[in-house]
Amino acid sequence: MKRDILILSALCTCCNLFAEEITVKHLRYAGPYEIKDPFIVDSLDVNSKKFTDAELLKTAIPFNNVRESNRTLDAATTAGQSRNSSVSLASFYLNSDRYTDGTLQISGPGHYEVYIDNEKQTPANGELKLTLEPRRYEVVIKYLTAPDETNHIPKVIFKTDSKAVVTATTDPEKRYTLSDVFDGTRFRSVSLSPNGKYLLTAYQTTYPGGDTESFQQVTDRATGQVLMESNNHHYSWMPRSNRLYYTRKGMQGKELVTIDPATQAEEVLAHNLPDGWFNFAPTEDFLLFNITEEGPKKGEDLQEILVPDDRQPGWRTRSFIHKYDLATGVFQRLTYGHTSTSINDISDDGRYLLFTCSERELTKRPFSTTLLYRMDLQTLETELLLKDPFISYAQFSPDGKMLAITASGEAFNKIGLKIAPGQTSNMADGQLFLYDPASKQANPVTKDFNPSVQNFVWNKGDKQIYLQGEDKDCVRLYVLNPSTGKILPIPLKEDILSDFTIAETTPELVYFGESASNSQRLYSINLKKNTSVCLKDLSAGILKDVILGEVHDWNFRAAAGDTIYGRYYLPPHFDPNKKYPLIVNYYGGTSPTERSLENRYPSHVYAALGYIVYIIQPSGATGFGQEFSARHVNAWGLRTGDEIIEGTKKFCAEHNFVDTKKIGCIGASYGGFMTQYLQTKTDIFAAAISHAGISDITSYWGEGYWGYSYSALASANSYPWNARDMYTLQSPLFNADKINTPILFLHGTVDTNVPVGESIQMFTALKLLGKPTAFVQVVGQNHQILDYKKRAEWNKTIYAWFAKWLKDQPEWWNAMYPEKAL
């Protein structure tokens, strides 16, 4: 008997070992708001209910009243008395360091309502069951006090039996979370009027839950005054006349309408406009349309596939160029055939058109050749200027005599290459060439320029070329003097340039961007004075009350002698004397992991969950020069994987706050391949996540919509029949038996880039090998998870997996994916 009592006592002690009771000691207070009884027209309402004092609690009071209140009261105090009934607001914040369940107990007022993050809750007998994720929760209690009754501040207690550290506070400070990434207003594009006097800015607002709203504003650059705002029309600037244009439905069909932004006076330029996407001619007297035509439809039951790309929806649809004369309404076809033609540019005098088409050449990398034509729009005489598989887009110089052409380094018989002997160029590393059609000479002006060119504008005003390019983990802006070939950086206030616009007749440039620790900001630059002004700071609102950890650069010299760049993120309130789990992230595709706050894998969110985050930029990434990016080609993990392992080990050795037994890694697409590949080479990782990762290079090469064409870049001139060792030995699937790390596979079920079978077969292999693994399919999603709700759950799946394996906290994972007796 005595022994049973001792055992029972020990069990009770264990059960209460981690029980925690958090008493809310202080609440922010707003009120009291006196509420008088309404005039009673009838004794019963429409639902046959009598009026009670509880009806007064339905009085709407903005919660911002309590958020902005400076009055804080102790839970044990009172807020006085009122002669009439009154409603008060009391609020506080709950924060948990992990996923946990608990109970919120509320006592005191006879009538009250509870809201958590603006959502009304339904307590039962004064208790509210809560599940807390590791973030801040706002709790607002709206309560009623009867006439001449003492206004007692509610007493609130939170109870949990877990090891979670839960705090209650009136301090609004919060960690960075998914809602901060998803929700709010963002810039989408900027465009200056030709004279620089007006700025057209496009925005998109995302609301909690995923609803979005797009709108545009026109502002006066001198005063900052908003002249126009619309969410009904899509405005663009006329090429020269500083007027906006848009299309709308009219009595005689589609109308083309222009607006003076100063007076908002409208003028209809055309009636019965054809459907389709169009370009305004610089002379403003005609439009060039891209008109689509559908090819022969496939059968419903049996479908013949003509070429690999014929599997793609819409591949048989072609587009052709048409000219619409605004004076006469004549709509003339300019190109005809079964090969699509694409508008590149129109000369400033409106005389010539540059357009391209693609000629399929499946037996030779890169499997198609681009043909660049110049058409005289008066005579329709057309000249083939270039036939090159490695060019992509061309633009006239302001005088129409030269062309600027984006391409890979292999264009123009490889004159732009700057790679080591034996290497093949990474076609994703963008280069710019100046081409003289008269002499047929090309100048590789970015050959010695390490950033990868993404976009350019040849400005008609100052005759300079403005380049947007990846520079290591940043996106920067440069100006190229076409006469001298000299390239100079334009100083920006942000690390990631998102969009820019230049006026034609004034030295005015406007851009927006973000950095590692701030969201979007909009700036103007006077190019003559080299001065910069912040026009709008969206980041301030997005990050209100948010605390971010520090971000530091950290580079190392790899065994091969190169400097490998990287950076790391610390949790908020970082304690250098503690040990933290580490998450390592690396590039997908071949672009560097950019230095932005908001992206698909937001590092500050991971840091806010208590992780150190190490971003490494290993060999193969663009933005570090052609030789560096060429290391991606025909490697499939070679060197790149070694650098990730070496960098992780050296990072841990230099930073003793890392728990070396709790290191995780994550990557997507090619980065997902890298995640799998790394586990075949090392056991330093305690957990790994592969999203849409490639497990078998051969099956990806043949099955993905762009598998064979991406392989023109990543596996140049290497095929399963002539490079079988690379396709097998470098494929994680063929090395699955070497994996010991718990891997989570995530994949959209309709991924057309990397088919879901890549995760299925690797998951199957690890299950057959008895290795720890999990597989979560995101139904109806493609390569990227774009649906708001699914994207949130997908992210939480990632957090739960890392919590389980890197923090020994399986509760979140078990709640999302409980064990099943199957």
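This report walks through the domains, some paired strands and the aromatic rings of a predicted model.

Local features are reported here where pLDDT is at least 70 and side-chain atom pairs at pLDDT 80 or more, while totals for chains, interfaces and linings use all residues. Residues are numbered from 1 along each chain as its sequence is written, and side-chain values use heavy atoms, with hydrogens and water left out.

**Domains**

Let us start with the overall division. The protein is split into domain 1 (20–172), domain 2 (283–299 + 314–346 + 349–397 + 401–448) and domain 3 (547–815); such bounds come from an automatic or database domain assignment. Between domain 1 and domain 3, the C-alpha centres are 45 Å apart. Four residues of domain 1 touch six residues of domain 3, where contact means heavy atoms within 4.5 Å. About 570 Å² is buried between these two domains, and carbon and sulfur atoms give 59% of that area. Buried area is the accessible area (1.4 Å probe) that two parts lose on being put together, summed over both.

**Strands**

Two strands pair if DSSP finds at least two bridges between them. The table shows the partners of strand E2 (residues 26–35).

| Partner of E2 | Sense | Bridges |
|---|---|---|
| E3 (residues 72–74) | antiparallel | three bridges |
| E4 (residues 85–96) | antiparallel | six bridges |

His26 stands opposite Asp74 in E3, and Ile35 has Ser85 in E4 as its bridge partner.

**Aromatic rings**

The structure holds 47 aromatic pairs. Rings of Phe, Tyr and Trp (its six-membered ring) pair if their centres lie within 6.5 Å; planes under 30 degrees apart count as stacked, over 60 as edge-to-face and the rest as tilted. One of these pairs is Phe187 with Phe512: the centres are 5.3 Å apart and the planes stand at 45°, so the pair is tilted. Phe187 sits in strand E13 (residues 184–192) and Phe512 in strand E38 (residues 508–515), 325 residues apart. Both Phe187 and Phe512 are buried, meaning under 20% relative accessible area (1.4 Å probe, protein chains only).

For Tyr235 and Tyr246, the ring centres are 5.4 Å apart and the planes are at 85°, so this pair is edge-to-face. Both Tyr235 and Tyr246 are buried. Elsewhere, ring pairs join Tyr245, Phe278, Phe280, Phe289, Tyr324 and Phe331 into a cluster.

Lysines meet rings too: Lys323 lies over the face of Phe286, and Lys807 over the face of Tyr611, at 4.7 Å from the ring centre. A charge sits over a ring if NZ of Lys or CZ of Arg is within 6 Å of the ring centre and within 35 degrees of the ring normal.

Definitions and conventions
Helices (H or I, at least four residues) and strands (E, at least two) are DSSP runs, numbered from the N terminus. Buried means under 20% relative accessible area, exposed over 50%, partly exposed in between (1.4 Å probe, protein chains only).
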